[in-house]
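Biologist: Before I use this model, I would like to know what the terms in its description rest on. Please set each value against its definition.

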Amino acid sequence: MAELDKKLQRHYRAHSWLFAVLLLALVFLLGYLAQQTRQQWDVSQNGRNSLSEASIEILQKLQGPVQVTAYASEQDAQLGDIRQIITDFIALYQRLKPDLSLTFIDPVEQPVLAQEADIQVNGELVIRFNQKIEHLTAINEQAFSNVLMRLARGEDKWVVELSGHGERRLDGSANYDLGEFGRHLRTNGFSSQQLNLAIQPDIPAAHASTLLIASPQTDLLPGEVEKLLDYIDRGGNLLWLVDQESLRGLLPLTEKLRLTLTPGVVADPQAAQLKAPITFALGAIYGPHAITSDFNYITVFPFARQLMLDENEEWHSVILVEAAPQGWIETGDLNGEIVFDQDADVPGPASIAVAMSRNIQDREQRIVVVGSGHFLANTYLGNGSNLDFGINLINWLTGDEELIMIQPRATLDSSLVLSELELTLIAVGFLIVLPLLFLASGIVIWWRRRRK
């Protein structure tokens with residue numbers, strides 16, 4: 001019997017030692033794996049600790065090291081440890097791009113360096129990429145990613161806007177103008193310049209990355225139209241926003257582009273179902289093109305007109321947006337009741353944006369015509385993904401189709417605000433009630449065991 005007890009004791013002791021050895025091995029193994037691999041999960045609402053898809057795509061397009069120099073003191077009077085804030089923010093980008101470096105310079109201790117770098121505020125960032133430099137004073141993903149996008153452009157891109165006929169302006173603030181779109185173009189690294197053909201001898205095709213004709217309100221003179229046609233013949237790129245009104249003397253341009261613009265406004269019953277005016281055409285059907293690649297968003301084209309491509313072998317043409325599959329082309333009075341008239345209206349769908357290209361002088365000429373100038377206007381730019389679609393148009397026209405993507409957005413943050421009563425209840429519950437419950441349950445268990 002005693003011999004059996006010794007065997008059992010040795011057996012239990014061996015089990016204990018084996019368990020201890022396996023536990024230690026498991027601890028060392030987990031430590032080794034934790035050191036070799038790093039996994040993170042962002043469980044915050046809106047993914048505030050992760051970069052957006054647009055920012056990730058921008059980083060993937062940056063071939064080469066990016067240097068970030070932060071001119072920040074050890075402590076900021078308002079923000080406190082500003083260096084830690086910058087370090088944590090840049091770390092989001094460094095996880096995806098390890099050759100994005102960050103260095104600090106104290107503008108107080110090294111004022112000469114700060115002055116040479118033209119630093120204006122504490123915490124200002126200077127970002128360098130391929131010998132291009134950008135300054136940034138706001139630390140957030142949208143601003144930083146926009147800077148990276150500007151640095152990613154190989155050369156200066158110009159959008160030359162036709163002026164002198166009441167066109168929508170890229171720097172205008174009226175509801176009719178394109179000022180907000182112009183501001184986003186500048187944020188993305190584009191420059192704009194107005195061009196009055198009554199003063200300028202011609203349109204410099206080599207200087208203009210693309211020409212913008214945005215809904216002129218008065219007729220162009222025949223000489224101005226000739227200069228436009230000459231620009232097209234020389235291979236210039238063009239974005240033409242045309243509304244349902246008169247073509248303002250640009251009929252020869254439609255003939256040059258082999259386009260037919262039908263009268264009337266696209267009526268879309270789908271828009272009415274979404275509580276929008278029936279004269280707002282919803283863009284959800286996109287043709288296969290670099291502009292619309294992976295673009296699965298709704299766009300809104302107020303008071304759009306139909307564009308029809310004439311068959312020809314000169315231009316390679318693609319319908320970018322087709323709208324109102326259950327709608328029609330309304331030719332009646334828009335101030336009255338808008339219903340389909342079988343004798344006068346044309347049933348949908350209707351093509352409202354087209355892209356054309358051809359090879360001329362050993363380069364590809366690119367042209368986009370959109371049957372609504374309203375969709376980029378200040379009033380309607382925020383509808384749907386109009387901004388993204390507009391930026392994509394400009395990127396393709398200026399030859400930067402690799403930068404076609406959804407624009408980075410500011411991450412919406414959320415907060416939980418508790419009242420004094422709620423905070424008191426939580427504190428009492430966790431600090432008093434729960435410990436008392438555990439203590440009472442322990443006493444009850446102890447008392448029951450003693451009775452047995």
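**Terms and values**

Modeller: In the protein chain, the mean positions of the 35 positive and 55 negative charges lie 17 Å apart. This is a predicted model, in which local features need pLDDT of at least 70 and side-chain atom pairs count only at pLDDT 80 or more, while totals for chains, interfaces and linings use all residues. Residues are numbered from 1 along each chain as its sequence is written, and side-chain values use heavy atoms, with hydrogens and water left out.

Biologist: What makes a residue positive or negative in that count?

Modeller: Lys and Arg count as positive, Asp and Glu as negative, and His and the chain ends are not counted. Each charge is placed at NZ of Lys, CZ of Arg, CG of Asp or CD of Glu.

Biologist: How do you know whether the protein chain is a compact globule or more spread out?

Modeller: The chain has 11 helices and 19 strands, where helices (H or I, at least four residues) and strands (E, at least two) are DSSP runs numbered from the N terminus. Its radius of gyration is 32 Å, well over the 22 Å from the globule rule for 452 residues, so the chain is more spread out than a compact globule. The radius is taken over C-alpha atoms, and the rule is 2.2 Å times the number of residues to the power 0.38. Along the principal axes, the C-alpha atoms fill a box of roughly 115 × 65 × 50 Å.

Biologist: Why is Thr69 called buried?

Modeller: Buried means under 20% relative accessible area, exposed means over 50%, and partly exposed is in between (1.4 Å probe, protein chains only). Thr69 has a relative accessible area of 9%, so it is buried. This residue is found in strand E1 (residues 66-71). Neighbours within four places in sequence aside, Thr69 is in contact with Thr103, Ile105, Glu124, Leu125, Val126 and Arg128; contact means heavy atoms within 4.5 Å.

Biologist: Does Asp76 count as buried or exposed?

Modeller: Asp76 counts as buried, at 18% relative accessibility. It lies in the loop between E1 and helix H3 (82-94), and beyond four places in sequence Asp76 is in contact with Ile82 and Asn122. Its C-alpha atom is 61 Å from that of Met308, 232 residues apart along the chain.

Biologist: What makes Tyr176 partly exposed?

Modeller: Its relative accessible area is 27%, so Tyr176 falls in the partly exposed class. Tyr176 sits in the loop between strand E5 (157-162) and helix H6 (179-187). Not counting residues up to four places away, it touches Gly166, Glu167, Arg168, Ser215, Gln217 and Ala377. Tyr176 and Tyr380 are 204 residues apart in sequence, with 9.3 Å from C-alpha to C-alpha.

Biologist: Which residues of H6 are buried?

Modeller: In H6 the buried residues are Gly179, Phe181, Gly182, His184 and Leu185. Their cover includes strand E6 (190-195) and H10. Just after H6, Gly189 has a positive phi of about 95°.

Biologist: What shows that the span of helix H10 agrees with its 12 residues?

Modeller: The expected span is 1.5 Å times one less than the number of residues. For residues 386-397 that should be 16 Å, and the end C-alpha atoms are 17 Å apart, which agrees. After H10 comes Gly399, with a positive phi near 85°.

Biologist: Is the peptide bond from Gly348 to Pro349 cis or trans?

Modeller: That bond is cis, with omega near 5°. Pro349 lies in the loop between strand E17 (346-347) and strand E18 (350-360).
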